[in-house]
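Here's a quick, friendly walk through one protein chain. Have a look at the sequence and the fold first, and then we'll go through some of its parts.

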Amino acid sequence: MARGYKRRNSKPLPKVVPDIVPPSTEVKPIELPHTMSVRQLAESLNVSVVNVIKQLMKAGIMTNINQVIDYDAASLVSANFGYKAQLQAQTTRKATSVISEIKRQQLLSEERGHLKSRPPVITIMGHVDHGKTRLLDAIRQTNVMDTEAGGITQHIGAYQVEVKGHKITFLDTPGHEAFTAMRARGARVTDITILVVAADDGVKPQTLEAIDHAKAAGVPIVVAINKIDKPNANPDVVKQQLADAGLVIEEWGGDVICILTSAKAKKGINDLLENLLLVAEMENLLADPSQPAKGVVIEAEMDKTKGALATVLIHDGTLKPGDSVVVGTTWGRIKAMFNDAGKQVRKAKPSTPVVILGLHDVPQVGDTLTAVTGERRARGLAEKRKQEDESAPKAVSLTNIFDQISTGRVKELNIIVKADVQGSIEPIKDSLHGLSTDEVQVNLVHTGNGNVTESDVMLAIASKGLIIAFNTGVETGATRLAETESIDIRNYNVIYELLGDVEKALKGMLEPEYVDVIDGRAEVRALFPSSKKRSVAGIYITEGKANRNASVRVLRNNKVLAESVVDNLKRFKNDVKEVATGYECGIIVKGYNDFQVGDILEFFSSQKAG
């Protein structure tokens, strides 16, 4: 049995009799649900879990952090901390993922009478080469990894397995840094996350990123310390590193289940599966198979022979061939469905991943699927969604945050902070937390040292946040992705200016900002002397275009060496005003003569942000 979870058929907990006088005469009201875990009660009371457990122990109840207690127990423990409890008419839960939103709608809707338990959707995350795919391979008793190039997962795989009569759906997300975007997709559609950490390698930067993605999605984490069969394995060191990262395992007094595994030696697999099933049982995952299907796209592509294909994870209802569906801003009629083994299937029930054929266009990853009555309705809804997308509010930025707060679209400001040194991060974190108001909560989703990377931008996309770069640069790929996804990246080198801008933004007093928009990029491929002691660089336009008199920055090894303007452009012996992608030309940059072959030129213009 899993540590921290108790089966539903266990004896009911005895009623709590308070034996301590409340420490304060001030009585504060609090609403409590019919049942809640010890951890949830501690968070509601804003006290430590240890203190809540002590109160329960004094009342003769031995519990742990994840034990579920009833309202009477929770209300009388609350009284010991100066609270007067009231029973909630209905418990609502913060929806932070596609699945949890559907769960919330089910709880708030009228009782349909057809809700049934559904399989959990589990994502395996972690650092590259820590054994994620081999762990899944051990569970499936197949050889998935041999089909992947270089033994590294190159795409999101969705697989359903059966364990002791219970089905479990696994999403195998890539762990390599280049696929952080895919990792974000997995975290947003999962019920439980397995964080795989190699016992001989420990917590790595991508492990921390995986933790941040799982926390941003608001899902429970189960840790699998893998490769315990290695001679240099040291699980205790890994547990300490996890604690330092904010994941305290149960045996250390925390609430995170930790299982020791060896995918290679098939050790700990059954223990891991048993814990996953028990966590799923406590999550009370429900769906109604009799309803029209709802799901989310986890992968999509255009096949040369089959047309648009989408891998869809069904969350509610049942999908069948012949159903008319609207998926994001496209639509279609299901012609065929295939499971993860490539076999054609006739129905897809809740928590089942299938590849569907029949859509008119390739949808976007993360788009929702809804089965509707008739192709005409599907086409109409797709057109309506397309119009709504065009008029949808822009991504959160410091420029528009006040407007979005005022209209009720935003209740929290999620921020990723990257700084030059660790010493800069702590005062920034503390100060930003202090800017939270009754209208909006300021959350630090992720912090770290070094340049802003594509991974940081992907986390900003997943959490609908913005990025602050303090005394550090922004990598070219991150800049390009941020422009495409409208992610706000702010650069500062003085803390009080950073805090001042955020505070003004929350109050609607921030002046409009002008941001640099990249119009083109080029690579220096040759150097030519000039009679006027001015260096002429032979460049190749790799992206966009270069214009005479345009602003330009010179980069070497992702570091900006100079900013100036284009003084002259030449093709052969002719002066030109513009050179487009795929062409070579000579360039003179005003006041700069220190070009080297391999330098990158960025041509940019300033535009009003937001």
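## A covered strand and its partner

Strand β6 (residues 121-126) is mostly covered, with six of its six residues buried. Here "buried" means under 20% relative accessible area, "exposed" means over 50%, and "partly exposed" is in between (1.4 Å probe, protein chains only). Strands (E, at least two residues) and helices (H or I, at least four) are DSSP runs, numbered from the N terminus.

Before going on, note that this is a predicted model: local features need pLDDT of at least 70, side-chain atom pairs count only at pLDDT 80 or more, and totals for chains, interfaces and linings use all residues. Residues are numbered from 1 along each chain as its sequence is written, and side-chain values use heavy atoms, with hydrogens and water left out.

Back to β6: Val-121, Thr-123 and Met-125 point one way, Ile-122, Ile-124 and Gly-126 point the other way, and all are buried. β6 also pairs with strand β9 (residues 192-198), in the parallel sense and over five bridges; two strands pair if DSSP finds at least two bridges between them. Across that pairing, Met-125 sits opposite Leu-195 in β9.

Helix α5 (residues 132-140) is mostly covered too, with eight of its nine residues buried. Among them are Leu-135, Leu-136 and Ile-139, along with Lys-132, Asp-137 and Arg-140.

## The chain as a whole

The chain has 15 helices and 30 strands. Of its 610 residues, 49% are buried. Contact means heavy atoms within 4.5 Å, and residues 24 or more positions apart account for 70% of the contacts with a separation of 6 or more.

## A four-strand sheet

Four strands make an open sheet in the order β20-β19-β21-β22, with parallel pairing. β20 (441-449) and β22 (489-492) are at the edges with a single partner strand each, so one side of each has no neighbour in the sheet. From one strand to the next, the twist averages 25 degrees. Inside the sheet, β19 (residues 412-419) and β21 (residues 466-470) pair over five bridges, and Val-417 stands opposite Ile-468 in β21. Helix α13 (residues 454-463) packs on this sheet and touches β19, β20, β21 and β22; its direction makes about 170 degrees with that of β19.

## Two helix pairs

Axes are lines fitted to C-alpha atoms, for helices over the stretch in contact, and angles run from 0 to 180 degrees between N-to-C directions.

| Helix pair | Axis distance | Angle |
|---|---|---|
| α1 (residues 38-45) and α2 (residues 49-58) | within 9 Å | roughly 115 degrees |
| α13 and α14 (residues 476-485) | 8 Å | about 20 degrees |

How do the two helices of each pair lie? α1 is roughly perpendicular to α2, while α13 and α14 are roughly parallel to each other. Under 35 degrees counts as roughly parallel, over 145 as roughly antiparallel, 65 to 115 as roughly perpendicular and the rest as oblique.

In the second, the contact includes Val-457, Met-458 and Ile-461 of α13 and Ala-478, Leu-481 and Ala-482 of α14.

## One last residue

Leu-506 is found in helix α15 (residues 495-507). At 11% relative accessibility, Leu-506 counts as buried. The C-alpha atoms of Leu-506 and Ser-436 are separated by 8.9 Å, and these residues are 70 apart along the chain.
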